[in-house]
Amino acid sequence: MSRVALISDLNRAFDAQADPRNVAMIRRRHAFWAQLARRHGWDLAVCDVALLDAPQGVRGSVSWVDLPMLPRTAYRTVVARAVAAGATCVLDLPDNVERVLGLDQFYSVLTNAGVPTPRTALLPIDAAVAAAIDSPAAVRRLLTEAIYGALFDAEMDPHAGVFVRGFYSSAKSANPELYYGSNQADIEATVFEVIRRLRVALDVGGLALREHLDLERIELATAPGDRNPIRVPFEVRLTVLDGRLLMASYHGPFEALTDDVRRPLSDELTARSEVVQRAVRALLPALLTADLPANYVADVAFVRDGQPVVLELNPLYAAGYNVPSAHALLVAALGADLAHRAGYAELPWAEILDSAATLAGERVEQSPAVWLLGEWPGPSHPALAS
């Protein structure tokens, strides 16, 4: 057993049907954990869920449930098994994970706190109904009346456009427009496709029908006069650890891009640095005073008039990072926090940054896709200053 255990479902992580991008990210995460343990001399290791009950499991360990993302019932089972196996503590608690996983739970928290977020109609769907949705016709028979009732109650006009996702996840696609509809037939077809995709691996829980916003995107011309520029999202992920902002980082494709595309993207992100920092300072006070758990990520986008909106929250344990420097800083800071809980000396911020640089092979402070707004952890965060 280790003093710090990173619990991971390796069968799920490396299943033959798993998304290769997720597999690569998890392999990198595990390599980062191993490097971090060697650098600081920490007794820290990844523990497969299959070994939780074994003698070499998690007894006496400070445990963190790590990637891959699990369905809610599976997550609760893993935490219960770790507690039963004698872990000193297991993080994050299931209730806290679900508070930032379910849009049905965090939507009202955001609106009550005054955090700008797309207007949303919430429609719970039980598992039996979700299982019976085998076509757009089934949606019309079983759900359409309820869908339009929910939209009416939320004072949303379906003809203005509706983006469809589940309570706990959106259906992943390089083209989010695929999950948008502005008439009954399109909405029914979209609902069918979203339910079909989500029920394969995760929970559906219900439908979140969100107003369509004209979000800003970044256009990347790879050559002078290019008439078909590549368009990527202009989205930023805020990482909150222990109730404090750790960083903001770009949340669109980055590492996966070729060098000739990543270079102009880096230039565009550098040019938008002030916009990002201004948005973080505008959003952070309400986020940090909202009734939210200590650990989560908030994904921020920008409407065409430049105003930031929080699209969604996610649990920190399940947060993926497209920017290697951001991923490295998350592991370095989280590792330091877990190691301190296990009795190791607390690391200063400068050492956490050095650790992240070792993992990423570059200084986080120099990345155009990561924004640090003060030293974490600090009793008075500069981002809260007026």
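**Figure 1. Pairing of β13 and β14 in the predicted model.** In this predicted model, Ala 301 has Val 309 as its bridge partner in β14. Strand β14 spans residues 308–314, and its pairing with β13 is antiparallel, with six bridges. Five residues lie between the two strands of this hairpin. Gly 306, in the hairpin, takes a positive phi near 95°.

**Figure 2. Pairing of β13 and β11.** Strand β11 covers residues 235–241 and pairs with β13 in the antiparallel sense over six bridges. Here the bridge partner of Glu 235 in β13 is Ala 301.

**Figure 3. Burial of strand β13.** How many of the seven residues of β13 (residues 296–302) are buried? Seven of the seven are, so the strand is largely enclosed by the rest of the structure. In a regular strand, side chains alternate between the two faces of the sheet. In β13, one side carries Tyr 296, Ala 298, Val 300 and Phe 302, and the other carries Val 297, Asp 299 and Ala 301. Both faces are covered, and these residues are all buried.

**Figure 4. Surroundings of Leu 373.** Leu 373 is located in the segment after β15 (370–371). The residue is buried, its relative accessible area being 5%. Gln 277 is 96 residues away from Leu 373 along the chain, yet their C-alpha atoms are separated by 7.6 Å.

**Figure 5. Helix α13 and its packing.** Helix α13 has 12 residues, 349–360. From its first C-alpha to its last the helix reaches 16 Å, close to the 16 Å expected at 1.5 Å a residue. The buried residues of α13 are Trp 349, Ile 352, Leu 353, Ser 355, Ala 356, Ala 357 and Leu 359. Against which elements do the buried residues of α13 pack? They pack against α2 (20–40), β12 (244–250) and α12 (324–341). Just after α13, Gly 361 takes a positive phi of about 80°.

Figure 6. Ser 325 sits in helix α12. Is Ser 325 buried or exposed? Ser 325 has a relative accessible area of 0%, under the 20% limit, and therefore counts as buried. Leaving aside residues up to four places away in sequence, Ser 325 touches Ala 360, Glu 362, Val 364, Ser 367 and Val 370.

**Figure 7. The whole chain, for orientation.** The chain contains 13 helices and 15 strands. Its radius of gyration is 21 Å, close to the 21 Å given by the globule rule for 386 residues, so the chain is as compact as a globular protein of that length. Along the principal axes, the C-alpha atoms fill a box of roughly 60 × 55 × 40 Å. Of the 386 residues, 51% count as buried. The chain exposes about 16900 Å², of which carbon and sulfur atoms supply 51%. Among contacts between residues at least 6 apart in sequence, 72% join residues at least 24 apart.

Terms used. Residues are numbered from 1 along each chain as its sequence is written. This is a predicted model: local features need pLDDT of at least 70, side-chain atom pairs count only at pLDDT 80 or more; totals for chains, interfaces and linings use all residues. Side-chain values use heavy atoms; hydrogens and water are left out. Helices (H or I, at least four residues) and strands (E, at least two) are DSSP runs, numbered from the N terminus. The expected span of a helix is 1.5 Å times one less than its number of residues. Buried means under 20% relative accessible area, exposed over 50%, partly exposed in between (1.4 Å probe, protein chains only). Contact means heavy atoms within 4.5 Å. Two strands pair if DSSP finds at least two bridges between them. The radius of gyration is taken over C-alpha atoms; the globule rule is 2.2 Å times the number of residues to the power 0.38. Accessible areas come from the Shrake-Rupley method with a 1.4 Å probe; for residues, only the protein chains shown count as cover.
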